[in-house]
Amino acid sequence: QVELVESGGGLVQAGGSLRLSCAVSGSIFSVNTMGWYRQAPGKQRELVASMTGGGNTNYADSVKGRFTISRDNAKNTVYLQMNSLKPEDTAVYLCNVDGRVAFSLRRFASWGQGTQVTVSS
């Protein structure tokens, strides 16, 4: 069983910064793409940033230049550094990870429980 545990959300004023973390645990053989999504009330879930196992990154246009995704492969952890936060960044942020479990090498794709980020104006 693969589990994702997120942390780092909270309330911050516009212009401030937050760092989100998502740790993957369980019987894992390999981790491929790690990413962050967000969902605001009444809106669809959208990709914020992702990073492949090879280090290729992809960002939503709305966060380019402000957010940075990184990962620590030894810890199976992905981070999202969010700077210059805006009220429109307010949402529940969820991490998503895919890879292969140990022994069976079956592929998995799992979601974290989500962490609330609120940016006040």
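A nonpolar core is a set of buried Ala, Val, Leu, Ile, Met, Phe, Trp, Tyr and Cys residues joined through side-chain atoms within 4.5 Å. Buried here stands for under 20% relative accessible area, exposed for over 50%, and partly exposed for what lies in between (1.4 Å probe, protein chains only). The structure above is a predicted model, in which local features need pLDDT of at least 70 and side-chain atom pairs count only at pLDDT 80 or more, while totals for chains, interfaces and linings use all residues. Residues are numbered from 1 along each chain as its sequence is written, and side-chain values use heavy atoms, with hydrogens and water left out.

**Nonpolar core**

- The largest nonpolar core has 32 residues, and those that touch the most other members are Trp36, Val48, Phe67, Ile69, Leu80, Met82 and Tyr93.
- At least two residues of this core come from each of strands S1 (2–7), S3 (18–26), S4, S5, S7 (67–72), S8 (77–82), S9 and S11 (115–120); strands here are DSSP runs of E, at least two residues long, numbered from the N terminus.
- S9 gives the most to this core, with 5 residues.
- As background, nonpolar side chains tend to be buried together in soluble globular proteins.

**Salt bridges**

- The count comes to 5 salt bridges, taking a side-chain nitrogen of Lys or Arg within 4 Å of a carboxyl oxygen of Asp or Glu as the rule.
- Aspartate 89 pairs with arginine 38, with 3.0 Å between the closest N and O atoms. Because aspartate 89 lies in the loop between S8 and S9 and arginine 38 in strand S4, this bridge ties together parts that are 51 residues apart in sequence.
- Both partners are buried: aspartate 89 has a relative accessible area of 1%, and arginine 38 has 6%.
- Aspartate 89 also meets arginine 66 in a salt bridge (2.8 Å, N to O). Arginine 66 sits in the loop between S6 and S7, so its pairing with aspartate 89, in the loop between S8 and S9, ties together parts 23 residues apart in sequence. Arginine 66 is buried, as is aspartate 89.
- Another bridge joins arginine 107 to aspartate 98, the closest N and O atoms being 3.8 Å apart. Here arginine 107 is exposed, at 53% relative accessible area, whereas aspartate 98 is buried, at 14%.
- Through shared partners, salt bridges join Arg38, Glu46, Arg66 and Asp89 into one network.

**Aromatic rings and the charges over them**

- There is 1 aromatic pair, by a rule that takes rings of Phe, Tyr and Trp (its six-membered ring) with centres within 6.5 Å, and calls planes under 30 degrees apart stacked, over 60 edge-to-face and the rest tilted.
- Tyrosine 37 and tryptophan 111 make up this pair; their ring centres are 5.0 Å apart and their planes lie at 65°, so the pair is edge-to-face.
- Tyrosine 37 is partly exposed at 23% relative accessibility, and tryptophan 111 is partly exposed at 39%.
- Arginine 45 lies over the face of tryptophan 111, at 4.5 Å from the ring centre. The rule for such a charge is NZ of Lys or CZ of Arg within 6 Å of the ring centre and within 35 degrees of the ring normal.
- Arginine 19 lies over the face of tyrosine 79, at 4.1 Å from the ring centre.

**Two buried polar residues**

- Asparagine 96 is found in strand S9 (residues 91–101) and is buried, at 14% relative accessibility.
- A polar atom of the asparagine 96 side chain lies 3.4 Å from the backbone oxygen of serine 110. A polar contact is a pair of N or O atoms within 3.5 Å; within protein, one must be able to donate a hydrogen and the other to accept it, and residues adjacent in sequence count only if both atoms are side-chain atoms.
- Not counting residues up to four places away in sequence, asparagine 96 touches Leu4, Thr33, Met34, Gly35, Tyr37, Ser110 and Trp111, where contact means heavy atoms within 4.5 Å.
- Threonine 77, in strand S8, is buried with a relative accessible area of 8%.
- A polar atom of the threonine 77 side chain lies 2.9 Å from the backbone oxygen of lysine 75.
- Beyond neighbours within four places in sequence, the contacts of threonine 77 are Cys22, Ala23, Met34, Ser70, Arg71 and Asp72.

Note on methods. Helix = DSSP H or I, 4+ residues; strand = E, 2+ residues; numbered from the N terminus.
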